[in-house]
Amino acid sequence: MRQLPYRRPRKTARRGKRIDTPFGGIFSPNLTPDRETGLDAWTDDEFYRALHEGVARNGARYYPAFPYPNFTKITRGDVLAIRAYLSTLTPVRNTPPAPQLRFPLNYRVVMRGWNWLFFKPGTFEKNPQKSDEWNRGAYLVEGAAHCGACHTPKNMFGADKRGQAYGGGLVDGWFAPRLDGAERSGLKSWSVEDITEYLQSGRNGKSHAGKLMAEVVVNSTSKMSDADVRAMAVYLKDLPAGAPEPVVTPPPPARMADGARIYKGACIACHEADGSGAPRIYPPLPGNANLQSADPSSTLRILLDGALTVTTPRAPNTGSMPAYSRKLSDQEIADVATLHPQLLGQCRARGDARAGGEGAADKFGQPALTGV
């Protein structure tokens, strides 16, 4: 690809975006076409090697916070298209700080061993047994979108746990829900249309995107073509269920009563007595993936900090959830959060008893939890 002529930087910046990991902080590099601190002096081969092999221009190894284990699947043509776009940005002269990682990870040479154990470079290969749409979705989800970077649990070395792809993972204090076909906490109850709408707007009739996923929707998936988003949905919907979901054990009746009391006082005005809410405005709680998950981290964060509805061109903001950290005691927050999914995630719709009694399925298609 022809190198663009050097342009005098017009902006200055202080640092890159900090990315917090369990091992310390990493700062994103300068991707603008600045010759001294950015990408302008890079060759196409150097840029492709960075994304395909995780190797910097000077031969140093990147950390997987830069998701080269996913980017390696992107074709060379698409990699160079990304470079062509980056070359159109306004140059910024900026050298981010060095990574702030604990010993021995502060030495990049350690990544040679990590790569040997956990990284297999290779461009995406189509599955001839699947449709073109499925393969397009797989290419995007596994590669450029790198969905598994957040939604797959990690081992003690920060690598994906083998055999647990898309089984949910903890990211910066938030829990990214399962994307496999798990019945309660996965996507089994979601249709391709549900997933498509969620990726395009940050909400659908079943759930709303939380803070980190909201950033993904606003900055990425909402800007993709309708065909590409649907292809991703087709692929995700086809993922089989992975590890069995944890057995739900209801808390003691006294604590359930405390949680119900707090829910009636703090949540019922928007989410209704049965948790049905107002889909696409106030998210419904029965069958909600975050509330069904075994990890309550996201529920706690939303209760403490509140939540802002995603705003995209096709779905304007409809309001926000207030933070309850100053309105509820620590024990009250624990009572509500600990009761997910018993009280919130699987709360029985009011009509269940009339429709079929104990054990009937609720109106979202999820089995009603007996005894709650």
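The structure is a predicted model in which residues are numbered from 1 along each chain as its sequence is written, local features need a pLDDT of at least 70, side-chain atom pairs count only at pLDDT 80 or more, and totals for chains, interfaces and linings use all residues. Side-chain values use heavy atoms, with hydrogens and water left out.

The average pLDDT (the predictor's confidence in each residue, from 0 to 100) of the protein chain is 81, and 84% of the residues score at least 70. The pLDDT is below 50 over residues 1-14, a stretch that has 36 contacts in the model beyond near neighbours in sequence; contact here means heavy atoms within 4.5 Å. Residues 341-372 also have a pLDDT below 50, with 80 contacts in the model beyond near neighbours in sequence.

A nonpolar core is defined as a set of buried Ala, Val, Leu, Ile, Met, Phe, Trp, Tyr and Cys residues joined through side-chain atoms within 4.5 Å. Buried denotes under 20% relative accessible area, exposed over 50%, and partly exposed the range in between (1.4 Å probe, protein chains only). The largest nonpolar core contains 45 residues, of which Phe-47, Val-141, Ile-195 and Leu-236 touch the most other members. At least two residues of this core are supplied by each of H1, H2, H3, helix H4 (110-118), helix H5 (132-144), H7, H8 and H9. Helices are DSSP runs (H or I, at least four residues) numbered from the N terminus. The greatest contribution to this core, six residues, is made by H9. Another core, of eight residues, lies apart from it and includes Ile-262, Cys-267, Leu-291 and Leu-328.

Helix H7 (residues 192-201) is largely enclosed by the rest of the structure, because eight of its ten residues are buried. The buried positions are Val-192, Asp-194, Ile-195, Thr-196, Tyr-198, Leu-199, Gln-200 and Ser-201. Their cover includes helix H8 (211-219) and helix H9 (226-237). Leaving aside neighbours within four places in sequence, Ile-195 is in contact with Leu-187, Trp-190, Ala-233, Leu-236 and Lys-237. After H7 comes Gly-202, which has a positive phi near 85 degrees.

The structure contains 15 salt bridges, each defined as a side-chain nitrogen of Lys or Arg within 4 Å of a carboxyl oxygen of Asp or Glu. One of them joins Asp-44 to Arg-83, with the closest N and O atoms 3.0 Å apart. Asp-44 belongs to helix H1 (residues 44-53) and Arg-83 to helix H3 (residues 76-86), so this pair ties together parts that are 39 residues apart in sequence. Asp-44 is buried, at a relative accessible area of 9%, and Arg-83 is buried at 3%.

Helix H1 also holds Glu-46, while Arg-57 lies in the loop between H1 and helix H2 (68-71). The side chains of Arg-57 and Glu-46 form a salt bridge (3.0 Å, N to O). Arg-57 is partly exposed at 42% relative accessibility, as is Glu-46 at 23%.

A further salt bridge links the side chains of Glu-197 and Arg-280 (2.6 Å, N to O). Glu-197 lies in helix H7 and Arg-280 in the loop between helix H11 (268-271) and helix H12 (289-292), so parts 83 residues apart in sequence are tied together. Glu-197 is partly exposed, with 22% relative accessibility, and Arg-280 is partly exposed, with a relative accessible area of 37%. Finally, Glu-133, Glu-193 and Arg-230 are connected in a network of salt bridges.
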